[in-house]
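Please look over the model below before reading on.

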Amino acid sequence: MKLAEKVIIVTGASKGIGKEIASLLASNGAKVIVNYANSTAEADDVVASIVKNGGTATAIKADVSQREQVTQLFNKAIETYGKVDVLVNNAGVMISKKIKDNTQDDFNKQFDVNVKGIFNTLQEADSKLADNGNIINISSSTVKLMFPTYALYSASKAAVEQMTRVFSKEIGRGISVNALAPGATETELFLKGKSQETIDKLSAMNAFNRLAKPIDIAKVVLFLASDDSKWISGQVIGANGALV
Ligand SMILES: NC(=O)c1ccc[n+]([C@@H]2O[C@H](COP(=O)([O-])OP(=O)(O)OC[C@H]3O[C@@H](n4cnc5c(N)ncnc54)[C@H](OP(=O)(O)O)[C@@H]3O)[C@@H](O)[C@H]2O)c1
């Protein structure tokens, strides 16, 4: 029980990597806030499964790109469990198109959720996260690649990594702040619209010749959310099977 007594917000925890993170942290003793924006039934299922396994969790709807909803997310979390120790900024969207084909809406959506979303939660965390807490911002290994069609998504995650570095020196109070950059991981966000041929090609780019499962990423978050990782701060940790 590495996380006993810790209260943790996981944004975008109704599906994919966030769902796995919420479940693993709860099974290690954390009280988990399962945040989501649209998928109420899925978020309720994540909570039900955690509770069934003897854990503690509650779902809170909030669109991270909306400042007031993020304020409410933190206030409700503190009302429910008395404090917030760890923030996992996992909510994210990806629209994969060549630069020439992206619309203004495509640009705004990715920067609103991926960049402004984290800006909003970090502002709340600055005064509301408990002393000696941990913040984990989910980036992407595409930041280090030159994948066609990933320019805007990768640019948004590069912004996440730079905010991580700077905020780690601003927040103080013993709080560590890191980014975690997964490679290709088997979720709706990654699989949507890709042919088997593309999936195989991308799987072959890492040293293990497979996609990551969400649990591969969640296990690294477990370490970063625990006191064992306290001396790591301001870093971007790759979890990508030697992709890059
Ligand atoms: N899968 C990969 O290969 C991969 C690789 C590198 C990095 N990542 C990053 O890992 C994170 C999780 O990705 P995933 O693959 O698990 O994606 P996913 O399966 O599409 O799940 C995304 C989650 O984010 C939530 N979300 C979306 N917009 C939101 C908003 N405005 N406010 C709050 N929650 C919101 C969704 O909830 P609702 O359905 O309720 O909106 C959902 O729970 C993202 O930051 C992504 O960029 C993924």
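1. Contact here means heavy atoms within 4.5 Å. On that basis, residues 24 or more positions apart account for 74% of the contacts in the chain with a separation of 6 or more.

2. On provenance: this is a predicted model, in which local features need pLDDT of at least 70 and side-chain atom pairs count only at pLDDT 80 or more, while totals for chains, interfaces and linings use all residues. Residues are numbered from 1 along each chain as its sequence is written, and side-chain values use heavy atoms, with hydrogens and water left out.

3. The chain holds 8 helices and 7 strands; these are DSSP runs numbered from the N terminus, helices being H or I of at least four residues and strands E of at least two. The radius of gyration is 17 Å, close to the 18 Å given by the globule rule for 244 residues, so the chain is as compact as a globular protein of that length. That radius is taken over C-alpha atoms, and the rule is 2.2 Å times the number of residues to the power 0.38. The C-alpha trace spans about 45 × 35 × 35 Å along its principal axes.

4. Of the 244 residues, 48% count as buried (under 20% relative accessible area; exposed is over 50%, partly exposed in between; 1.4 Å probe, protein chains only). The chain exposes about 11500 Å², with carbon and sulfur atoms supplying 52% of it (Shrake-Rupley method, 1.4 Å probe; for residues, only the protein chains shown count as cover).

5. Ser140 sits in the loop between strand E5 (134–138) and helix H5 (151–170). Is Ser140 buried or exposed? Ser140 is buried, at a relative accessible area of 6%. Leaving aside residues up to four places away in sequence, Ser140 touches Tyr153, Lys157, Glu161, Ala181 and Pro182.

6. Ala13 lies in the loop between strand E1 (7–10) and helix H1 (16–27) and is buried, with a relative accessible area of 0%. Residues up to four places away in sequence not counted, Ala13 touches Gly18, Lys19, Ala22, Val34, Asn35 and Val46. From C-alpha to C-alpha, Ala13 and Ser229 are 22 Å apart in space, and they are 216 residues apart in sequence.

7. Ser226 is in the loop between helix H8 (214–225) and strand E7 (236–239). Ser226 counts as buried at 1% relative accessibility. Which residues does Ser226 touch, not counting those up to four places away in sequence? They are Leu3 and Asn134.
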